Amino acid sequence: AGEQFRTALDGLAAAHPETFVEARGVGLMMGLKCVDAIPSRDFVAALRDVGLLTVAAGDNVVRFAPPLIIDQSHIDEAAGMIEAAVGAWHGAEAQRA
């Protein structure tokens with residue numbers, strides 16, 4: 001499950017370089033480092049708005065701590081929620097500009 005989760009987060013980081021610098025961590029204790037223009041605490045709020053609970057960690061990282069019983073369907077669902085939060089973040093950013 002850790003490898004599947006890492007693959008999903010690596011894919012999100014690659015697909016959204018305007019939002020994420022990289023995926024980092026080991027096992028299921030993973031995180032996405034946000035670009036400097038996006039404070040991780042603010043992105044955590046965007047994730048909460050779409051139903052995904054995360055925490056901000058040092059070095060501008062959004063930390064994920066899924067349960068040990070996570071499976072591919074949960075990973076896919078979380079990836080979809082992260083995609084939704086990215087879309088909402090950049091949509092709101094466009095409105096602010």
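Phe43 counts as buried, because its relative accessibility is 1% (buried is under 20% relative accessible area, exposed over 50%, partly exposed in between, with a 1.4 Å probe and protein chains only). The model is predicted: local features need pLDDT of at least 70, side-chain atom pairs count only at pLDDT 80 or more, and totals for chains, interfaces and linings use all residues. Residues are numbered from 1 along each chain as its sequence is written, and side-chain values use heavy atoms, with hydrogens and water left out.

A search of the whole structure finds three aromatic pairs. Rings of Phe, Tyr and Trp (its six-membered ring) pair if their centres lie within 6.5 Å; planes under 30 degrees apart count as stacked, over 60 as edge-to-face and the rest as tilted. Phe5 and Phe64 form an edge-to-face pair, at 5.8 Å centre to centre and 85° between the planes. This pair links distant parts of the chain. Phe5 lies in helix α1 (residues 2–15) and Phe64 in strand β4 (residues 61–64), 59 residues apart. Helices (H or I, at least four residues) and strands (E, at least two) are DSSP runs, numbered from the N terminus. Phe5 counts as buried at 4% relative accessibility. Phe64 is buried too, with a relative accessible area of 5%.

Phe43 and Trp89 also form an edge-to-face pair, with 6.2 Å centre to centre and 65° between the planes. Phe43 sits in helix α2 and Trp89 in helix α3, 46 residues apart, and the pair links distant parts of the chain. Trp89 counts as buried at 13% relative accessibility. Ring pairs join Phe20, Phe43 and Trp89 into a cluster.

Thr54 lies in the loop between α2 (40–49) and β3 (55–57). Its relative accessibility is 14%, so Thr54 counts as buried. Neighbours within four places in sequence aside, Thr54 is in contact (heavy atoms within 4.5 Å) with Val44, Leu47, Val62, Arg63 and Phe64.

The largest pocket has a volume of about 260 Å³. A pocket is an open set of points on a 1 Å grid over the protein atoms alone, where a 1.4 Å probe fits, with protein on both sides within 12 Å along at least five of seven lines; lining residues have an atom within 4 Å of a point. The volume is the space filled by probe spheres set on the points, which are joined across faces, edges and corners. The lining of the largest pocket holds 14 residues. Leu52, Pro66, Pro67, Ile70 and Ala78 lie nearest its centre. Helix α3 (residues 72–96) gives the largest share of the lining, four residues.
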